Amino acid sequence: MILIAKKEWNFYFQGIINNKEKKMHILATYGKSGYEDRISIDEDSRELEDFIIIGRDLKTDRYKMSKNFSTWLHDAIASEDLPDEEISKRYREIFDTLIKEVSLKKLEPIDLIKMTDKVIMYSPAEGMDIVIQGKVFRLHDEDFLNPKNFLIWYASVFGNIAHIDLSKEEWKAVVTAWISMSIKASPGKDTLAPPVLTELIEKIIDNRVENEFTKETLIDLENTQIFAFILKNGDLYVHTKIYNYLMQKYKVSPRRMRQYFEHYLKDDASKQIKVKGSRARFWRMDWNKLMFDFPELEQVKVIEVKEAEIIKDVIDEEFNLSVYKQLLDSLNIEAIKNGIRDLYQRLRKKNVILDRNLEEDIEFLLNSKETDNPDYPREVLANLLKYFQEEKV
């Protein structure tokens, strides 16, 4: 709003920056002593000060405007006998100039970090939440390497208030800082993830949970639509049928499914359980971790099997290649090396001649103490699996 009096102009600016109201009043006068402009600004509007004010008189608490903006005001006021439409046009230009200056403020990487309230890290599948001034951006997948989606989100949430121009290296530095300040949360706390874990908990509550494996339960799990769980020695055994059901229902890839579950898994692969000739495969999960994240599991009543059948062979006695294929998605280097060692020994027992370079890689890896990068052992495992997949054995 602009109020006009003889030789005096009042210019008021009001807007929203970073979710806070900003107010500014400019008083411009033109008389015998010439042209003068002053600005008053509240304590919550210091962002505007960065663009307009270049000095401050501590005694009078008056401010002077930057030369560029002051020139616009001077031209509009000092010119005599200007038509009203011309004055209105010049004030429109003044206002646009102010908006342009505000919108072109450049945010540095350190500014983004300072503006961040908190960072919550979930599973590798879902990434992490970046909370900036109460607003949440979910950073995942390619966002770790490219700021494009973040910049779009920032512009839509906070408006065209600040200009962010980040190089890939600057973005990596910001993401690294966010990771270092993040608070880890279990996948079960992630409200944006597909509800695979939530439904698993519902299945556990709604179906029978037994304290031992029996032949009858294994047969039911393998051949019927019955869901059942085994809770033994602090471990919850989840049949692969249930695991695959959840994965298919929510159209989750095997890799993503593994990432949702890995916080609770005790093994890198499912285990085969055998009871008197009946067999079934189970994922072994940490019951205490599940209980911590899903306290509603306290209502579960565990059925005690009075005449439980003894299980002698928990580990599959037969060679099953799928177990080793699952290790291709594993981050556990020791587990991958154990798989390589087992496959390598099987091939040597059968006198299979391996590629010389592959054999050297295997020998080097098995004697290496490398614990940081799983890519190399997974590559060796993949090459080793080709001897089985191509029916060389």
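This is a predicted model: local features need pLDDT of at least 70, side-chain atom pairs count only at pLDDT 80 or more; totals for chains, interfaces and linings use all residues.
Contact here means heavy atoms within 4.5 Å.

**Entry 1: Met285.** I looked up what Met285 touches, skipping its neighbours within four places in sequence. Its contacts are Leu200, Gly234, Asp235, Leu236, Val238, Phe261, Tyr264, Leu265, Lys266 and Leu290.

**Entry 2: the core.** Next I went for the largest nonpolar core, which has 28 residues. Met285 turns up again, among the residues with the most contacts inside this core, along with Leu200, Ile204, Leu236, Phe261 and Leu290. Which helices and strands each supply at least two residues? I noted helix 7 (196–206), helix 9 (240–249), helix 10 (254–261) and helix 11 (287–293), plus strand 14 (228–232), strand 15 (235–239) and strand 17 (278–286). Helix 7 gives the most, with five residues.

**Entry 3: two helices.** Then I checked how helix 13 (residues 333–349) sits against helix 14 (residues 356–366). They pack at an angle of about 135°, and their axes are 11 Å apart. The two helices are therefore oblique to each other. Helix 13 passes helix 14 in a left-handed crossing. On the helix 13 side, the contact is made by Lys337, Ile340, Arg341, Tyr344 and Arg348. Helix 14 brings Glu359, Ile362, Glu363, Leu365 and Leu366. I sorted the residues of this contact by type and got five nonpolar, five charged and no polar.

**Entry 4: Asn373.** Last stop was the loop between helix 14 and helix 15 (375–389), where Asn373 is found. Is Asn373 buried, exposed or partly exposed? Its relative accessible area is 36%, so Asn373 counts as partly exposed. I also looked at Asn332, 41 residues away along the chain: its C-alpha atom and that of Asn373 are separated by 9.5 Å.

Notes. Residues are numbered from 1 along each chain as its sequence is written. Side-chain values use heavy atoms; hydrogens and water are left out. Axes are lines fitted to C-alpha atoms, for helices over the stretch in contact, and angles run from 0 to 180 degrees between N-to-C directions. Helices (H or I, at least four residues) and strands (E, at least two) are DSSP runs, numbered from the N terminus. Angles under 35 degrees count as roughly parallel, over 145 as roughly antiparallel, 65 to 115 as roughly perpendicular and the rest as oblique. A crossing is left-handed if the near helix is turned anticlockwise from the far one by less than a right angle, and right-handed if clockwise. Ala, Val, Leu, Ile, Met, Phe, Trp, Tyr, Cys and Pro count as nonpolar, Asp, Glu, Lys and Arg as charged, and the others, Gly among them, as polar. Buried means under 20% relative accessible area, exposed over 50%, partly exposed in between (1.4 Å probe, protein chains only). A nonpolar core is a set of buried Ala, Val, Leu, Ile, Met, Phe, Trp, Tyr and Cys residues joined through side-chain atoms within 4.5 Å.
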